[in-house]
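Dear colleague,

I am passing on the structure we spoke about, together with some notes on what turned up when I went through it. Please open the files alongside this message and follow the residues as you read.

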Amino acid sequence: MANSLLLVVMIKRQVVLWCTEPLQPKSSLEGHSWLITDVRFSPSMSRLATSSFDKTVRVWDAENTGDLLRIFTGHPRPVICLDFHPNKEDMICSFDSDGEVRCWSINNNSCLNCVKVFKGGATHMRIQPRKGKYLAAASEKVVYILNAETQLVCRSPLQGHIKKIQSVCWDPTGDYLASVSLDSVRIWSFASGRDGEFVRELDCSGKLLCSSVFHPTYPSLLVIGCYKTLELWDVRENNSMTLNNAHDALVAGLAASSQSGQIASASHDQTVKLWK
C-alpha cells in the first residue's frame, strides 16, 4: 500500500517501508505478535496505522520510522481492517472479525465508541473520503452503512450480492462505493440525495475477485484484483477490460496514491507491483 513517497508491504508480523523513488527498502516496523491484516496512511499527517490478528491497532510515525505512537487494545476478536477519518486527524476506526467497530482518539489514547454491528462474518470496512459522513462495513453478502462518527447504522443495508463480499472501496470524491464479491462488483451512489442507490453491476463469473481500488487520476476507473489478473472497469461508460498475467497468484491487495497517480498491487505470489 502506498502514498507518494512510501510503499508499505505487510509481511506476516512485520511492515516494511520502501521508498518509491528510487525503489528501495527504507525500514521496517515490528511489534505485532500475530499476522498483520491491514495498513493505512493518515490523509493529513505523517502517520500510518496497522491492525492485526493479535487484536490490537498500532499507530506509527511514518517519517521517524520505527517510532510507535499508540497501541490500542480492547477488541475481543482479531482486528481485520481499519481506517483514518478524512476530516478528523485524531480519529481512527477499526473493525474486528465478529462485526465490532471501535473508534479511537489518537491524541487522548482512548476508545471513543464501540458498536457491535452484527455477529460474525465481517470482511472489510472503509470510511467515506473527503466527506467522512459514512462508514461502509461488509459482512457475508451485505454492506452496512454506519455514521462514521457514532458508528450507528444509519440506513438499510446494501444487498444484492450472491456470493461473499471480499472488499469495499470509495471513489476519491466519496460519491460512489464499490462492493466486490467473489464473482461480481456492485456500484452504489452516495451523491446528494442518492444515499446508497444501486447504480450498476459488473459480472465477473469465474475470475475469483478479491480486492479493489478506484484509480487516483481517472476517478471513474475501478481496478479489481483477481486471480492472476487485474480487471479495469470504467464505471461511467460501463466498459471493462482484463489485464492478463498481472501476477502469478491472487491479487490480494490494491492501494492508490493521489499524489503520484500510481496503484500498488500485492499478490500471494509474494510480489508487489506499481502501475500507472
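**Gly-99 and its surroundings**

Leaving aside residues up to four places away in sequence, Gly-99 is in contact with Val-115, Lys-116, Val-117, Phe-118 and Ala-122. Please bear in mind throughout that this is a predicted model. Gly-99 sits in the loop that runs between β9 (91-96) and β10 (100-105), and with a relative accessible area of 0% Gly-99 is buried. Its C-alpha atom is 9.1 Å from that of Arg-77, although Gly-99 and Arg-77 are 22 residues apart along the chain.

For residues 72-114 the model gives 0% helix and 56% strand, with the end C-alpha atoms 13 Å apart. For residues 244-276 the corresponding values are 0% helix and 45% strand, and here the end C-alpha atoms lie 16 Å apart.

**Aromatic pairs**

Searching the whole structure gives seven aromatic pairs. One of them is formed by Phe-72 and Trp-104, which are stacked, with 4.8 Å from centre to centre and 20° between the planes. Because Phe-72 belongs to strand β7 (residues 68-72) and Trp-104 to strand β10, this pair ties together parts that are 32 residues apart in sequence. Both partners count as buried, Phe-72 at 2% relative accessibility and Trp-104 at 3%.

Trp-170 and Phe-190 also form an aromatic pair, in this case edge-to-face, with 5.1 Å from centre to centre and 65° between the planes. That pair links distant parts of the chain, since Trp-170 is in strand β15 (residues 165-170) while Phe-190, 20 residues apart from it, is in the loop between β17 (184-189) and β18 (197-203). Trp-170 and Phe-190 are both buried.

Ser-181 is part of strand β16 (residues 176-181) and, at 0% relative accessibility, counts as buried. When residues up to four places away in sequence are not counted, Ser-181 touches His-161, Lys-163, Lys-164, Ile-165, Gln-166 and Leu-209.

His-268, by contrast, counts as exposed, at 55% relative accessibility, and is located in the loop between β24 (263-267) and β25 (272-275). With residues up to four places away in sequence again set aside, His-268 touches Ala-249, Leu-250 and Ala-252. Between His-268 and Gly-253, which are 15 residues apart in sequence, the distance from C-alpha to C-alpha is 9.3 Å.

**The second largest pocket**

The second largest pocket has a volume of about 200 Å³, and its lining consists of Asp-171, Thr-173, Tyr-176, Arg-194, Val-199, Arg-200, Phe-214, Pro-219, Ser-220, Val-235 and Arg-236. By residue type, that lining divides into five nonpolar, two polar and four charged residues.

Methods
Residues are numbered from 1 along each chain as its sequence is written. This is a predicted model: local features need pLDDT of at least 70, side-chain atom pairs count only at pLDDT 80 or more; totals for chains, interfaces and linings use all residues. Side-chain values use heavy atoms; hydrogens and water are left out. On a 1 Å grid over the protein atoms alone, a cavity is a set of points where a 1.4 Å probe fits but cannot get out, and a pocket is an open set with protein on both sides within 12 Å along at least five of seven lines; lining residues have an atom within 4 Å of a point. Grid points are joined across faces, edges and corners, and a volume is the space filled by probe spheres set on the points. Ala, Val, Leu, Ile, Met, Phe, Trp, Tyr, Cys and Pro count as nonpolar, Asp, Glu, Lys and Arg as charged, and the others, Gly among them, as polar. Helices (H or I, at least four residues) and strands (E, at least two) are DSSP runs, numbered from the N terminus. Buried means under 20% relative accessible area, exposed over 50%, partly exposed in between (1.4 Å probe, protein chains only). Contact means heavy atoms within 4.5 Å. Rings of Phe, Tyr and Trp (its six-membered ring) pair if their centres lie within 6.5 Å; planes under 30 degrees apart count as stacked, over 60 as edge-to-face and the rest as tilted.
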